[in-house]
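Subject: Structure handover

Hello,

Here is the structure I promised to pass on. Please open it first, then read my notes below.

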Amino acid sequence: MTRFTAQLTTQLDRLGHHGVRRGGRDRAPTLVAVAHGSRDPEALRTVNALLDRVRALRPGLPVRLGHIELNQPLLTDTLAALRGEAVLVPLLLSRGYHIKQDIPDAIAAAPHLTARIAAPLGPDPLLAEALHARLAEAGRLAEAGGRAAAPHRTGGVVLAAAGSRDPDAAADTARTAALLSARLGGVPVLPGYASGSGPTVPEAVRALTALGHDPIAVASYFTAPGRFATQCAHAAPGLAAAPLGAHPAVARLVLRRYEQALASAPLSHPAATVGV
């Protein structure tokens, strides 16, 4: 799986570096990264750092940011200011209401654009790579503080996610949990949610403990810091990893989703469809 991921990423990078041929000239559609938004000021800084990594990986590609709520610029304002073609890449980790309703609604309100919506970031092996790295970082910090809590000493992991009542979102998160478990060499990983139909993070911790897994770490399945990420970290019985943030694997995944959306079908106008 790791070899396949590396090969695919290399192929997509080569495609992107050659640009997108449109109307007899090389012109890459704008990549519009769609973030949720948060009142936590660290969230905006983190998303901007992630997009700086994306720009560094693909110099010359126009990259813009739009938020669904709470932060500027709002997605509707970003789209209103654009002309030509755009690919919206949700910085979201599963399918759900924002993917199926909010983002298409924003596209419908921008009929001057030719646009396409990429699939959400998750699930993908690159996210498992980033989650593993964040757990390792948290483990090293814990050991530096005199606590033995590195991932290889973890009995189980709760994958803390935002949550949704949409069954597709739960399926996507469960798939990421399986990918992370494999990345950790078979350590059991159970999703826990900050909202939605559950289980909650404390409930997932208790379930793993009841099965004899100890100690339990919490992996933060959030793109950036925010209320839910903080809430889930506080529920951790011990080790709690940082959100995915501007990890290099996440930046590569943003570009992968962009390229996949371009390759899957022609750009639509005026109503966009979601890439899969």
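One definition before the notes: Ala, Val, Leu, Ile, Met, Phe, Trp, Tyr, Cys and Pro count as nonpolar, Asp, Glu, Lys and Arg as charged, and the others, Gly among them, as polar.

This is a predicted model: local features need pLDDT of at least 70, side-chain atom pairs count only at pLDDT 80 or more, and totals for chains, interfaces and linings use all residues. Residues are numbered from 1 along each chain as its sequence is written, and side-chain values use heavy atoms, with hydrogens and water left out.

**Overview**

The protein has 9 helices and 9 strands. Helices (H or I, at least four residues) and strands (E, at least two) are DSSP runs, numbered from the N terminus. Of the 276 residues, 50% are buried. Buried means under 20% relative accessible area, exposed over 50%, and partly exposed in between (1.4 Å probe, protein chains only). Take the contacts (heavy atoms within 4.5 Å) with a separation of 6 or more: 76% of them join residues 24 or more positions apart.

**The sheet of 4 strands**

This open sheet runs β4-β3-β5-β6, with parallel pairing. Two strands pair if DSSP finds at least two bridges between them. β4 (63–67) and β6 (113–117) are the edges, each pairing on one side only. Neighbouring strands are turned by 30° against each other on average, direction ignored. Axes are lines fitted to C-alpha atoms, for helices over the stretch in contact, and angles run from 0 to 180 degrees between N-to-C directions. Helix α2 packs on the sheet and touches β3 and β4. Its direction makes about 155° with that of β4. Inside the sheet, β3 (residues 30–35) and β5 (residues 84–90) are joined by 5 bridges. Val32 has Leu88 in β5 as its bridge partner. Helix α9 (residues 248–264) lies across β3, β5 and β6, at about 130° to β5.

**The sheet of 3 strands**

Here the order is β8-β7-β9, again open and parallel. The edge strands are β8 (189–193) and β9 (216–220). The twist averages 30° from one strand to the next. β7 (residues 156–161) pairs with β8 over 5 bridges. Val158 stands opposite Leu190 in β8. Helix α6 (residues 167–183) packs on this sheet and touches β7, β8 and β9. Its direction makes about 145° with that of β8.

Look at Asp172 in helix α6. Is Asp172 buried or exposed? Asp172 counts as buried because its relative accessibility is 6%. Leaving out residues up to four places away in sequence, Asp172 touches Ser94, Arg95, Gly122 and Pro123.

**The largest pocket**

The search used a 1 Å grid over the protein atoms alone; a pocket is an open set of points where a 1.4 Å probe fits, with protein on both sides within 12 Å along at least five of seven lines. Lining residues have an atom within 4 Å of a point. Grid points are joined across faces, edges and corners, and a volume is the space filled by probe spheres set on the points.

The largest pocket has a volume of about 1000 Å³. It is lined by 46 residues, and the closest to its centre are His36, Leu92, His98, Ala162 and Phe228. By class, the lining has 22 nonpolar, 17 polar and 7 charged residues. α2 (41–57), α4 (97–108), α6 and α8 (227–234) each supply at least two lining residues. The largest share, 4 residues, comes from α6.

Best wishes
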